[in-house]
Amino acid sequence: MADDGSNRSGLQLYRTMRRIRTFEERVGELFVRQQTAGSMLHLSIGEEGAAAGVGTAMREGDSFTTHHRGHGIFIARGADPNRMMAEIAGKAAGYCAGKGGSMHIADMALGHLGANAIVGGGIPAVVGAGLSYRHHKRPNVSVAFFGDGALQQGILYESMNMAALWHLPVLFVCINNQYGMGTRIDRASASLAFDERARSFGLLGEIVDGTDVEAVRDTAETLVAAARAGRPGFLAVDCFRFYGHARMDKSPYRSAEEEAEGRARDPLKRQHARLTGDGVASENDLAAIDADAAAEMDGAVDFAIAAEKPAPAALFGDVYGADQPPPEPLASRLDRVLGATP
Amino acid sequence: MNELLSTGAPAAEARGAQQTTYRDALRQALDDAMAADPDIIVMGEEVGRYGGAYGVTKGLLDRYGETRVIDAPISEAGIVGAAVGAAMTGLRPVAELMYVDFFGLAMDQIANQAAKIRYMFGGQIGVPMVLRTQGGTGRSAGAQHSQSLEGWILNTPGLRLAMPGTVSDAYHLLRAALTQPDPVVFIEHKSLYTGQGLLDTATPDAPWGQAVVRRPGRDVTLVAYSRMVKVALEAADALAAQGIEAEVVDLRTLNPLDSDTVAQSVIRTGRAAVLSEACLTGGPAAEIAQRISEDAFDWLEEPVLRIAGEDVPIPVAVDLEAASIPTVPRVVDAVARLVLP
């Protein structure tokens with residue numbers, strides 16, 4: 001295998017994308033086995049090039065927020081799949097002790113300032129993180145990841161303006177999978193020139209083909225470096241959401257033809273062909289990576305299923321700081337009013 | 001009318017308390033807190049060069065510079081959202097919304113982000129920010145600049161809520177808010193800014209989260225916060241002339257809500273009225289009144305009254321605006337009928 005072994009290498013990007021895809025497939029299985037907490041599960045299959053390519057351009061100490069379709073981004077930033085899967089199952093061993101779930105995974109240790117279930121809701125936090133880094137003279141960048149749905153939210157433009165106005169170390173990354181739930185981007189946006197929108201705010205603005213993970217990486221590296229130097233940017237990564245909006249969505253709003261064409265734009269297949277074609281890796285090398293990912297994510301499923309549920313008292317914890325009294329449980333109030341139950 | 005309450009005046013003056021205004025007390029609190037903690041920043045519309053729409057932040061830009069006193073564009077959601085991110089990454093931001101009515105523009109960041117981050121993320125991190133704003137009537141500012149929207153905050157777990165009604169609390173509650181581990185919504189009253197009172201910066205009237213009895217009385221408990229404390233005290237003076245002794249409890253913070261101090265007072269008096277400038281229906285007065293009913297039912301001689309804002313948008317005409325919220329005569333009349341046989 002001819003590979004430089006670095007985090008940015010083509011082979012490593014393939015590995016990251018495969019781990020993401022296999023993780024997402026296992027989330028689907030966990031749902032079928034009725035082991036997830038609910039069905040609000042938004043898979044990023046088809047979007048792995050965005051997560052892996054931008055993720056590798058970031059450094060330790062950088063932070064990020066994601067949208068509700070953010071599993072892949074966090075895996076690309078070093079997540080432990082066991083704790084992710086446990087969180088998706090609503091278990092105490094999950095990243096958020098089973099209280100956040102798929103749409104609210106966060107981990108301060110890895111700079112994950114939180115996944116968000118409000119379209120655009122997590123974007124302005126990176127402006128604040130940028131202010132914080134500047135204030136503390138920390139050489140870090142904060143990256144907001146969001147979908148094309150957020151391109152039509154006002155908060156994005158408030159945040160872009162503030163980032164540009166104050167020259168903050170911030171990058172806005174739109175993973176354009178073509179669909180905001182069931183509405184295709186050309187039915188939601190009057191213009192598709194998203195890079196021009198960004199440039200009009202004084203940001204650097206680029207659009208990159210998300211099926212080419214190395215192109216995503218190269219563009220993201222340039223933009224992250226610029227952001228680190230106080231020149232914030234915007235990157236739209238063009239890709240296709242292979243499956244429905246969430247687990248219950250069979251995508252009746254798009255044709256089988258469109259889906260087949262979209263799924264042909266597969267970042268994993270493309271990178272597979274590149275690596276074998278360039279002689280960087282053999283079929284067997286890549287099959288071994290695939291097998292490792294399968295074993296790892298099977299282990300995550302087992303971990304999540306075996307993990308303990310949160311204790312009942314956890315309902316009242318973490319509303320306020322650890323030194324604060326928790327909210328009074330209703331049962332306690334009722335007992336006070338009615339007298340303790342006999 | 002410009003004299004705000006000065007609690008324990010003789011003792012306070014002996015300790016070196018100063019006569020000052022609600023506005024200056026707020027500014028002093030920000031200044032003292034910023035001097036003590038370099039991670040406190042102030043961010044909002046017109047907070048820097050203009051000095052704040054109501055003058056609260058005047059002078060802070062000169063003292064602390066543009067990196068700590070940040071004039072933001074008119075982007076309320078962006079301001080609050082940036083404060084959330086800053087608070088999660090090591091700053092202690094004071095975000096300012098010029099009017100409480102602008103909650104509408106920023107509510108996702110307030111209620112879905114700031115309030116829930118600690119809980120959603122399993123206690124990994126808090127959002128130690130203060131959201132300063134001001135509300136209430138008194139300036140004919142109309143339906144979009146005069147509301148009392150504290151109920152929106154009270155109905156959202158995860159947010160602390162402070163509403164000072166005195167000069168001393170303007171200072172001490174803001175200082176205390178800047179030590180909290182959680183997001184504090186700090187709602188000032190636009191009609192109190194020029195009010196005078198005594199401030200002893202060394203000694204708060206009570207710890208954060210505790211209500212204070214501003215006036216003792218045996219016949220009825222008036223529960224109030226923000227400007228309604230002043231209304232309650234003036235009503236209590238008028239009631240005293242009729243032989244009715246009203247006890248006035250100032251909540252100071254609505255979250256934490258000190259139901260115990262309220263219940264203890266009602267257990268002594270047997271009657272209660274809750275004063276609030278916010279709309280009656282579904283409002284804070286209803287919550288407080290129901291707590292009294294549950295906590296002190298056996299001691300109550302009469303139903304708990306809500307004396308609250310009318311269920312209307314705030315009109316601009318001076319007399320109509322004044323009639324839209326509880327007035328001293330309205331309180332005196334209602335409480336007299338509650339108490340007298």
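Domain bounds, as used here, come from an automatic or database domain assignment. On that basis, chain B of this predicted model is divided into domain 1, spanning residues 9–199, and domain 2, spanning residues 212–339. The C-alpha centres of these two domains of chain B are 25 Å apart. Their contact draws 24 residues from domain 1 of chain B and 24 residues from domain 2 of chain B. On the domain 1 side, helix 7 (150–154), strand 6 (160–162) and helix 8 (167–177) of chain B each contribute at least two residues. Sorted by class, this side of domain 1 of chain B holds nine nonpolar, twelve polar and three charged residues.

Chain B also meets chain A. Here 35 residues of chain B are in contact with 38 residues of chain A. On the chain B side, at least two residues each come from helix 4 (76–88), helix 5 (103–114) and helix 6 (117–120). Helix 4 of chain B gives the most, with nine residues. The side of chain B that touches chain A comprises 16 nonpolar, 15 polar and four charged residues.

Two of these helices also pack against each other. In general, a packed pair of helices is described by the angle between the axes and the distance between them. For helix 4 and helix 5 of chain B, the angle is about 25° and the axes are 6 Å apart. Angles under 35 degrees count as roughly parallel, and helix 4 and helix 5 of chain B are therefore roughly parallel to each other. From helix 4 of chain B, the residues involved are Glu76(B), Ala77(B), Val80(B), Gly81(B) and Val84(B). They meet Leu105(B), Ala106(B), Asp108(B), Gln109(B), Ile110(B), Gln113(B) and Ala114(B) of helix 5 of chain B. Seven nonpolar, three polar and two charged residues make up this helix contact.

Turning to chain A, six strands form an open sheet with parallel pairing, in the order 2-1-3-4-8-7. Strand 2 (112–115) and strand 7 (204–209) of chain A each have a single partner strand and stand at the edges, so one side of each lacks a neighbour in the sheet. From one strand to the next, the twist averages 15°.

Strand 1 of chain A, residues 63–66, pairs in the parallel sense with strand 2 of chain A over two bridges. In this pairing, Thr66(A) stands opposite Ala115(A) of strand 2. Strand 1 of chain A also pairs with strand 3 of chain A, again in the parallel sense, over three bridges. There, Phe64(A) stands opposite Val143(A) of strand 3.

Side chains in a regular strand alternate between the two faces of the sheet. In strand 1 of chain A, Ser63(A) and Thr65(A) point one way, while Phe64(A) and Thr66(A) point the other way. All of these residues are buried. Helix 5 of chain A, residues 123–135, lies across strand 1, strand 2, strand 3 (142–147) and strand 4 (170–176) of chain A. This helix of chain A runs at about 175° to strand 3 of chain A.

Notes
Residues numbered from 1 in each chain as written. Chains lettered and ligands numbered in written order. Predicted model: local features only at pLDDT ≥ 70, side-chain atom pairs only at ≥ 80, totals over all residues. Pairing = 2+ DSSP bridges. Helix = DSSP H or I, 4+ residues; strand = E, 2+ residues; numbered from the N terminus. Axes fitted to C-alpha atoms, helices over the stretch in contact; angles between N-to-C directions. Contact = placed C-beta atoms within 7 Å. Buried ≥ 20, exposed ≤ 12 C-beta atoms within 10 Å, placed from the backbone. Nonpolar A, V, L, I, M, F, W, Y, C, P; charged D, E, K, R; others polar. Parallel < 35°, antiparallel > 145°, perpendicular 65-115°, else oblique.
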